[in-house]
Amino acid sequence: MSQTSEAYDSDSDNPPTPPPPEYDASSLTSPSFNLSVTRNVMENHAFSKPNNDATWAPPPMISSSPEAHNGPENLPDDIPTQPSKFADKLHTNYLPSTTEITEIKEYVSSVNDKVSAYDARIAELEAALQEMTKKRTRLQEVARAHEGLVSPLRRLPPEILQDIFVWCLPQNRNAVMHASEAPVLLGRVCSEWRRISIGTPEVWSSLHIVPPNVNFSNPTSSTARFQRKRDLIEMWLGRSGACPLSVSLVWFAGDSEEEIKLCGTLLEVLVPLCGRWKVLDFQVPLKMFKPFIGLTVKDVPLLEGMSLMDNRTPLDADAVDRWPESLKFAESATKLRNFTLTFFSGGIRLPTIPWAQLTDLYLESNIAFFFRDSREMLSTLAECASLQSCTLKFPLSHTASLPAYDKLDMPIVLPQLQVLCVDGDQHLHNTFHMSNTLMNLCAPKLRKLEILGRSGRPEGSMAPEPLGAIRTLLQRSKCPLEKLNIESMTMLPEEFIVCLRLIPSLVDLVVHNWSVRVLMGPPVTGEEEAALDSNEVAENQILKALTLSRRKETLTSEIPGESSVAVATPVAVADTGVGELTTKPPIPIEPHTSSLKDDTALTLSWIQKTDGLKETVVDEIPREYAVAAAVIADVGEGEIAMTTISEMAKPREPSSSSSSPSSSSSSSSPPPPDDDTPLCPNLQRFDFTLCDASQNLLCDFVSSRWTDLPEGVAQIKTVKCNFTAFEDEKVKECMQRFRTEGLDAFITYQVPINDDMNPSPWTGLEGPP
């Protein structure tokens, strides 16, 4: 008997698998293993015979003699002797004679013969290598099979495997009855894993129920399939022991009486287990919950989360229906923390749930909402002292008879709120306008804010724009906001910059505008785009505000006497192209002997004469200094004029982190910063729909936040933008350079729709007279 069979225990139910034929060492002596190579290094090695192995034999040495292979007898490494008379003619335009051509052809033929010999030898070696590779692969498979016997996984205690199995479950949804994922997949690996998985109640405590297909022409014929599904659900949940249950169900069929009965056969399985309900997630019509009639709050002591979506029940759009009797158990649930309610075809009256203990609230309705008006909604939200995440998706129907918009002033505080999402049509002039919600909230711990509107403001709309309400929210909350997401809002640059100034902690800025640009006439070229006034585009003003200033320090002079002060020379920064900044030469400043009061400031200005004097403030001298400036301005071609600017003393307005709504909305430019801190110094992700904005300004913005960063400013990591324009080649090269340096940049270009008139074969381009 072989050594393997002697070690076999006759009482075992699983005899070891005999090794495959390739594992026999005697196979190494077969002729197919004898390779033709010049010299085998194994000749110089000694081999020892394994103990108790009578079949072992040392592998044969491969000879390098000419008889050991089927190739040519001699493969010299030297090249045949070249005719010396052609040595200096190679790689020239020399034209050989007829005799020389014959001689050259004979020489080339001899070289080709040797090439053919090498080709044959290479083919032999490749065939041998292929055969060796196959044998090595088979040996590796045998080795891996035996290594599996000593795998550390085999010695893991069952308790450790149970914890691993629990972590194999899906993390963002319930488990499904499918062989491709846990826990069903775990039981298909081996009998031991099947035994352990069945004995682990935690892996069977979550279930997503997928109803069988329904025969719509004859629903009663599907009864057998639903009964088999019911049996599987009972078996699955029966393995969960006493663990709290998380169950979800999505119903894709209709809501006829026959279909209600079919769905009821599945929901009836859950009723005896109601004491262990922890999270329920149902996307079914309200009619389907008949099996739950009679359940009370005492029957669901562990219920923490409930999500209900109904997109079929035809409720009255002009009324809010009462909470159904079949879901009475959700009212005043003692441990309820998460509550989600979504209705697409109407509204429903909310139950008397314990608002004070809610941590997550999601309300969505397309036609009617869950409250009579915004005042009732705010009163309810004021009770949610523990709320951490709130999503409000207001009705989008233009036909629902909701109360008209009436500006409210009833601030409420949500002390624990960290995530807020408000979704709706800001152009609907009803009581649930998002401004009424935003301007009355105070959330001191808010970290993520999403405002999702709808594009296309109708003519004559009297609804306010939400940006003013967002500013009020940020001013009142003084929150450490990290992410701001705004979609389909009218970009008022002054208002938006004020909002950004209020959140220096911002890390992630996302602004999307899904409107469609229609191009009238031929596309605008790069020169024509540069000729346009960039201030007309809101996105350009925002990009300029976010671009870090690179104003340089200038030389200082000292005025003799006791009133000596440092004098600053203004340096004008000009944008000259793609990411390039240049400065005008320093201008000498004539010192002034007078001094300013403590509450005054001196303003230095460039004055450029075009069609008149145009004054632009470029810098401000601290109030401690008293100077007068001489500014050089271009008056015309080749003319340089020196203009003396007297000190312009003006009272310095006290800085404030907040502005009144009236002053901010009426001002033509954003208020000055409180200090020298750049706008959004912690910004790392920039996702913006720029549409008609300047591509050069985008490069300047990225460049200012990528290299040579001031102290306290974070480097930008991700830039994602969308232009409704043609790609600029210089901008393309600039962004490619940033990508090479490690920036995650993704810029897309959408060719604008051309609204040119199609030429008519009768009237031409101009159309009929």
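pLDDT is the predictor's confidence in each residue, from 0 to 100, and I count two residues as in contact when heavy atoms lie within 4.5 Å. I need both because this is a predicted model.

**Confidence**

I started with the stretch at residues 551–674, where pLDDT stays under 50. The model still has 195 contacts beyond four places in sequence for that stretch. Residues 516–532 also stay under 50, and there I find 23 contacts beyond four places in sequence.

Mean pLDDT is 74, with 65% of the residues at 70 or more.

**Helix 3 and helix 4**

Next I looked up a helix pair: helix 3 covers residues 158–167 and helix 4 covers residues 191–198. I get an angle of about 75° and axes 10 Å apart. Angles of 65 to 115 degrees count as roughly perpendicular, so helix 3 is roughly perpendicular to helix 4.

Which residues meet here? From helix 3 I noted Pro158, Leu161, Gln162 and Phe165; from helix 4, Trp193, Ile196 and Ser197. Sorted by class, this contact has five nonpolar residues, two polar and no charged ones.

**Helix 12 and helix 14**

I logged the crossing of helix 12 past helix 14 as left-handed.

On the helix 12 side I listed Asn540, Leu543, Lys544 and Leu546, which meet Leu697, Leu698 and Phe701 of helix 14. The contact of helix 12 with helix 14 divides into five nonpolar residues, one polar and one charged.

**Thr391**

Last stop was a single residue. Thr391 sits in strand 9 (residues 389–393). Is Thr391 buried or exposed? Its relative accessible area is 12%, and the cut-off for buried is under 20%, so I put Thr391 down as buried.

What does Thr391 touch, leaving out residues up to four places away in sequence? My list reads Leu361, Tyr362, Leu363 and Cys421.

Key:
Residues are numbered from 1 along each chain as its sequence is written. This is a predicted model: local features need pLDDT of at least 70, side-chain atom pairs count only at pLDDT 80 or more; totals for chains, interfaces and linings use all residues. Side-chain values use heavy atoms; hydrogens and water are left out. Axes are lines fitted to C-alpha atoms, for helices over the stretch in contact, and angles run from 0 to 180 degrees between N-to-C directions. Helices (H or I, at least four residues) and strands (E, at least two) are DSSP runs, numbered from the N terminus. Angles under 35 degrees count as roughly parallel, over 145 as roughly antiparallel, 65 to 115 as roughly perpendicular and the rest as oblique. Ala, Val, Leu, Ile, Met, Phe, Trp, Tyr, Cys and Pro count as nonpolar, Asp, Glu, Lys and Arg as charged, and the others, Gly among them, as polar. A crossing is left-handed if the near helix is turned anticlockwise from the far one by less than a right angle, and right-handed if clockwise. Buried means under 20% relative accessible area, exposed over 50%, partly exposed in between (1.4 Å probe, protein chains only).
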